[in-house]
Amino acid sequence: MVLVPEAKDESRAAKGRRRGPSRLPTANPALAWAPDDPYTPMEDYERSIQDMVHQLRNGSEPGDTKCQVNLRLWRSNRRSLSPWAYSINHDATRIPADIPEARCLCTGCINPFTMQEDRTMASIPIYSRLPVRRLLCQAPGEVGHKASGRKKCHKKYQTVMETITVGCTCIF
């Protein structure tokens, strides 16, 4: 549809008595396209977490746990004024079984002028909720498990939100 500006000589009275098709509202170009599925498939999400775990296990980053900033490292966790290190949170009854989890390296924060820890401020963890698939099957001997002749149960997973530490920040 092509929109043509109205003629300048059209009188005000004629503008009020227009006849014919009205203008159709046009969509904002930024909103005109939206993906059919706004969420990433669970498999892609789990693969990206496993890639992070693989990088963590095979990385060349020093494994020290000192409260210091290293400006030569490209990763933001060691360049922060509240640095953190990653460890692997493993749970065999969850998919993904391994999730990288942050741990604050300082009690205080790094003073940007002295590059030393300043305990007048505090490093605190930042939490996020991540979707994981949790195994619902109960093992024999657990509370609520009915004794039956079967040794294995049918594995069933339910998507739940789990809270993990994703980084650290500095507060006064």
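Trainee: How many disulfides does the structure hold?

Mentor: The structure holds three disulfides. This is a predicted model, where local features need pLDDT of at least 70, side-chain atom pairs count only at pLDDT 80 or more, and totals for chains, interfaces and linings use all residues. Residues are numbered from 1 along each chain as its sequence is written, and side-chain values use heavy atoms, with hydrogens and water left out.

Trainee: Why is the link of Cys-67 to Cys-106 called a disulfide?

Mentor: The term is for a pair of cysteine sulfur atoms within 2.5 Å. Cys-67 and Cys-106 have an S to S distance of 1.8 Å, so the pair counts as a disulfide.

Trainee: What does the pair of Cys-67 and Cys-106 tie together?

Mentor: Cys-67 lies in the loop between α2 and α3, and Cys-106 in the loop between β3 and β4 (109-110), so the pair ties together parts 39 residues apart in sequence. Helices (H or I, at least four residues) and strands (E, at least two) are DSSP runs, numbered from the N terminus.

Trainee: Is Cys-106 buried or exposed?

Mentor: Buried means under 20% relative accessible area, exposed over 50%, and partly exposed in between (1.4 Å probe, protein chains only). Cys-106 has 6% relative accessibility, so Cys-106 counts as buried. Cys-67 has 23%, so Cys-67 counts as partly exposed.

Trainee: What makes Cys-104 and Cys-168 a disulfide?

Mentor: Their sulfur atoms are 2.1 Å apart. Cys-104 lies in strand β3 and Cys-168 in strand β7, so this pair ties together parts that are 64 residues apart in sequence. Cys-168 is buried, at 4% relative accessible area. Cys-104 is partly exposed, at 22%.

Trainee: Why is the disulfide of Cys-109 and Cys-170 called right-handed?

Mentor: The torsion about its S-S bond is about 120 degrees, so the disulfide is right-handed. The sulfurs of Cys-109 and Cys-170 are 1.9 Å apart. Cys-109, at 0% relative accessibility, counts as buried. Cys-170 is partly exposed, with a relative accessible area of 29%.

Trainee: Which helix gives the largest share of the lining of the largest pocket?

Mentor: That share is six residues, from α2. On a 1 Å grid over the protein atoms alone, a pocket is an open set of points with protein on both sides within 12 Å along at least five of seven lines; lining residues have an atom within 4 Å of a point.
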